[in-house]
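Notebook open, model loaded. I'll jot down what I look up as I go.

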Amino acid sequence: MQTIRKWVQAVWVFLINGFWGFPITGNLYQGPLKVICSPGLNCYSCPASTTYCPIGTLQQLLLSVRFSLETGKYYLGLFVLGTMGMLGVSFGRFICGWACPFGLFQELLYKIPSKKYSIPPSLNLLKYVFFILFVIVLPLVFVDQFGLGKPWFCKYICPAGTLEAGIPMVLLVPDLRSTLGVLYVNKISILIGFVLWSVFASRPFCRTTCPLGAFYAIFNRISLIKLVLDKDACTNCKACHKVCPVEIRFNETQGSGECINCMKCMTDACNFEAIHVSVAGYRLTKAGRKRLIDSQ
């Protein structure tokens, strides 16, 4: 199952970044697919991107709300919120574990041999702060003389945007290099910090900073597709605790907003069919594959 998940993640990377003509055109993809919402964090400005990023688009909506209202447009962008809500209600954080390019990037970095460290659970709350403050409050509150705000998270923090768009565009368009300054250095520093952290800890950006993960976490308990615990079958062996990449205790925290639904607890740990995938209340799979007990 984990091999299948890696292939699914890789397929999603190419599905939402399918414009490989950018080295020839020297520009971003502007075709009809650009109106499609990427389920995971994927920068709109990536030269290969064929979709838009939900967090970036939400910021663009919020930073222009005052301007729109003042000019009588009353544009509220319910399409953006509706798309994000539909993805959240349908999949929850399954998207984080199966369809996010930057999540896959962190998982590959974590495979680099090194001493591994845990992330304090209290840091998990920071992503909600980033979502509320940098995605919602700052774009709405701090506006210029025309009533327009800034995409604070994308502009000042997002390491995924730096990796997917910032670095490639500077390499692709040499004229941009003369415009680089403190902001670019700061973004590069943040990216390097998360790259190094991802070698020593599992998915640090997803767990501590990602505002999209914070948004999807709200729906994890009520999403149509989710992992479910059969309490009668669970023996409290705690094997699921040891394999979880986000360090939760699934049998004690079912529906946790931190769960990325990678299914490792189901496929790599549980021997008692206590965990299964539920689709709209229908049991899709038996919990975990039963492994043979070593007779030695």
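**Confidence.** I checked pLDDT (the predictor's confidence in each residue, from 0 to 100) before anything else. This is a predicted model, and I let local features count only at pLDDT of at least 70 and side-chain atom pairs only at pLDDT 80 or more, while totals for chains, interfaces and linings use all residues. Residues are numbered from 1 along each chain as its sequence is written, and side-chain values use heavy atoms, with hydrogens and water left out. The protein averages a pLDDT of 88, and 93% of the residues score at least 70. Contact here means heavy atoms within 4.5 Å.

**Overall layout.** I get 15 helices and 3 strands. These are DSSP runs numbered from the N terminus: helices are H or I with at least four residues, strands are E with at least two. How does the radius of gyration sit against that of a compact globule? For 296 residues the globule would come out near 19 Å, and the protein has 20 Å, so the two agree. My radius is taken over C-alpha atoms, and the globule rule is 2.2 Å times the number of residues to the power 0.38. Along the principal axes, the C-alpha atoms fill a box of roughly 70 × 45 × 35 Å. Of the contacts between residues at least 6 apart in sequence, 67% join residues at least 24 apart.

**Surface and burial.** The accessible surface is about 15200 Å², and carbon and sulfur atoms own 68% of that. I used Shrake-Rupley with a 1.4 Å probe; for residues, only the protein chains shown count as cover. Buried residues make up 48% of the 296. My cut-offs are under 20% relative accessible area for buried, over 50% for exposed, and partly exposed in between (1.4 Å probe, protein chains only).

**Helix α7.** Why do I call α7 (residues 101-110) largely enclosed by the rest of the structure? Because 7 of its 10 residues are buried. Among them are Phe102, Leu104 and Leu109, and the charged Glu107 is on the list too. The cover over these buried residues includes α1 (2-16), α10 (159-172), α11 (182-200) and α12.

**Ala160.** I followed that up in α10, where Ala160 lies. Ala160 is buried, at 0% relative accessible area. Leaving aside neighbours within four places in sequence, Ala160 contacts Leu41, Phe102 and Ala165. Cys43 is 117 residues away from Ala160 in sequence, but C-alpha to C-alpha they are 6.9 Å apart.

**Asn124.** This one is in the loop between α7 and α8 (126-141). Buried or exposed? Asn124 is buried, at 9% relative accessible area. With neighbours within four places set aside, Asn124 is in contact with Arg207 and Glu258.

**Positive phi.** I noted two non-glycine cases. Asn236 has phi near 60° and is found in the loop between β1 (225-229) and α14 (239-243). Asn236 is partly exposed, at 42%. Glu247 also has phi near 60°, in the loop between α14 and α15 (264-267). At 37% relative accessibility, Glu247 counts as partly exposed.
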